[in-house]
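Subject: Structure handover

Hello,

Here is the structure I promised to pass on. Please open it first, then read my notes below.

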Amino acid sequence: MDTPLHDDTGALPGDFAIWIFIFAELLVFGVFFLAYAFARANNVELFNESQLQLDRISGAANTLVLITSSYFVVRAVAAIRDDDSRRCVHWLAAAIGMGSVFLVIKMFEFADKFSAGISLSTNTFFMFYLSLTFFHFMHVILGMVILAAVLFKARSGGYSAASHIGVETGASYWHMVDLVWLILFPLVYVIH
Amino acid sequence: MQFQSQAVAKPYFIAAIGLFIGQILFGLIIGTQYVIGDFLFPEIPFNVARMVHTNLLIVWLLFGFMGAAYYLVPEEAERELFSPKLAIALFWIFLVAGALTIVGYLAVPYATLAAVTGNDLLPTMGREFLEQPTITKMGIVVVALAFLFNIGMTIIAGRKTVINIVLLTGLTGLAVLFLFSFYNPINLVLDKMFWWWVVHLWVEGVWELIMGAILAFVLIRLTGVDREVIEKWLYVIIAMALITGIIGTGHHYYWIGTPEYWQWWGSIFSALEPIPFFMMTVFAFTMVNRRRKEHPNKAATLWALGTAVMAFLGAGVWGFLHTLAPVNFYTHGSQITAAHGHMAFYGAYVLVVITMISYAWPHLQHNAPASNGRAQLLEMWSFWLMTVSIVFITLFLTGAGILQVYLQRVSDTPLPFMVVQDKIALFYWLRLWTGVIFFVGLCLYVYSFFAKGKETLASS
């Protein structure tokens, strides 16, 4: 499974296939962000007005949570490079824990919006807000599943300093999930 | 042929090609009726001939998929098929049921067929592509389940490869999604919504898995490239196909009564549907360029590369042409759709089935890795005739579609439908004659199976 697609994988860490996947995912989000920008340009007032109803505090909290989780993932990669599977497992568990915190905060936010009667059909802004955040939400879950798979393999001693492409692969995907949020949060919650 | 039971694929492939001929004949009939409205009326009305044309397409592709599975699964699983007898029995059941259905379409009025087959007990008829009588639909479900059981048992007991798992997932999805053809709500919006769960999620979802698996199988055999490399590509391609294809269903939900957000969801996700097809093209060419052996079956390689390119053009590019909501606002249900439909079905599914047949047939018939040189040459001629024809059919229909959309919907003085149809009749004539050339290509393809070569066959 660890054979790269090309011999010249260059500097990209992890499995080359995950990078095709990451680029494809970034393209999907990129197109979504562009669509948001176009829709906003035609409807600036509505967007600005609706945006004020968003909970920026929990959005900012979630930004910190995800950045922290990415830091933990970096520590996990560093640990396995030191051939320390146990520490790697701990850092991965911490990252997954932060992922769960993100999901809980986000669910409170969703519940708040739904109880206020906001839905996909409320207006174009909320269509984008709910679509983008939900789509990202699903990616956080997928990222956690990938990290969990890496964690279990690491726990059974499946990685070492010499061979840990799997850890880097999971880490790369998780950073993508983080990166998307770092664009999504200012774009949808903050920029006026 | 590595396993005796792979031979059950043979009747499936023969039936597939036989029904393919029928499909094209009916295509020629409706192509003629486009320009000579009362051609063969009242014996074969347009709506009936069109129904036969599309239904035969789906049935022969299903025969092709099943034949491909019976050939591919034992070889991948490295064991004999669980039950070759069941496979043969299912073949005859499916063939007879399919033939009876087509005879029913042609022999009696559709309403009579509905009444005779008890459609009022569980109404499922009367919807495009799902016109089959309810009992035929039930037969399809039974055949599909028994077929899945047969290959599923083979896979469970044998070696589990990515190709087998992806194929089985695709075929299971095909069977499960077909169940929505039994859901026929009174509400027209809901009806259409779930109708697409069969139609769209088949061709832009689970069928892509089947296609990817078949293509990967053939490419491993033809190129000798490492299985791990091909499997990784397959994973990425099917992941992309599902990510874009599932929510991409939304591109059918514009202005049919579904919520407005589908215009965004459908546009964004389906705009990315060309990506997996493009990846498949890159994948196929990369594998062939990195081949580790020169396989004697050149024709199969041509069909495989043709599949990758034509699927990208037909499904990817021609799909993208009219997938964005603001564009589709004008093009919805026009000849643009017909253009896309023709090239996508040919490029993705017709070609992948022929690729499989082209690879498997020499093994099945001659116990050799390749047909004789002359047969292969004829096959390649038929490839080019059919492929160039479908490209021109697509271009003519696209021309017709652009004019139709402009004259009927965009212009300041829009013209009525039938007036526009008269004005674009030239394109329909061109399409018809190109269809005749396609048929010549198909005849050549059939002839290639019987062509004798000068050299003696090398035994595998």
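Leaving aside its neighbours within four places in sequence, which residues is Leu92(A) in contact with? There are Ala76(A) and Leu147(A), and then Val150(A), Leu151(A) and Ala154(A). Keep in mind that this is a predicted model.

**The core**

Leu92(A) matters for the next point too. The largest nonpolar core holds 195 residues, and Ala76(A), Leu92(A) and Ile214(B) touch the most other members. Which helix of chain B gives the most to this core? Helix α2 of chain B does, spanning residues 46-77, with 20 residues. Domain 1 (1-160) and domain 2 (224-450) of chain B both contribute residues, so the core lies between them.

**Ala171(A)**

Now look at helix α6 of chain A, residues 165-190, where Ala171(A) sits. Is Ala171(A) buried or exposed? Ala171(A) has 26 C-beta neighbours inside 10 Å, so it counts as buried; the cut-off for buried is 20 or more. Apart from residues up to four places away in sequence, Ala171(A) touches Gly14(A), Val73(A), Ala76(A) and Val77(A). Take Val77(A): 94 residues separate it from Ala171(A) along the chain, yet their C-alpha atoms are 7.5 Å apart. Ala76(A) links back to the core, being named there with Leu92(A) and Ile214(B).

**Where the chains meet**

How many residues does each chain bring to the contact? Chain A brings 16 residues and chain B brings 17 residues. On the chain B side, α8 (227-248) and α9 (261-271) each supply at least two residues. The most come from α8(B), with 7 residues. By type, the chain B side has 13 nonpolar residues, 4 charged and no polar.

**Chain B overall**

Chain B has 16 helices and 0 strands. Its C-alpha atoms fill a box of roughly 65 × 45 × 45 Å along the principal axes. Why does chain B fit the picture of a compact globule? A compact globule of 460 residues would have a radius of gyration near 23 Å, and chain B has 22 Å, so the two agree. Buried residues make up 51% of the 460 residues in chain B. Among contacts in chain B with a separation of 6 or more, 81% join residues 24 or more positions apart.

Over to you.

Best wishes

Technical notes
Residues are numbered from 1 along each chain as its sequence is written. Chains are lettered from A and ligands numbered from 1 in the order in which they are written. This is a predicted model: local features need pLDDT of at least 70, side-chain atom pairs count only at pLDDT 80 or more; totals for chains, interfaces and linings use all residues. A nonpolar core is a set of buried Ala, Val, Leu, Ile, Met, Phe, Trp, Tyr and Cys residues joined through C-beta atoms within 7 Å. A residue is buried if 20 or more other C-beta atoms lie within 10 Å of its own, exposed if 12 or fewer, and partly exposed in between; C-beta atoms are placed from the backbone. Helices (H or I, at least four residues) and strands (E, at least two) are DSSP runs, numbered from the N terminus. Domain bounds come from an automatic or database domain assignment. Two residues are in contact if their C-beta atoms, placed from the backbone, lie within 7 Å. Ala, Val, Leu, Ile, Met, Phe, Trp, Tyr, Cys and Pro count as nonpolar, Asp, Glu, Lys and Arg as charged, and the others, Gly among them, as polar. The radius of gyration is taken over C-alpha atoms; the globule rule is 2.2 Å times the number of residues to the power 0.38.
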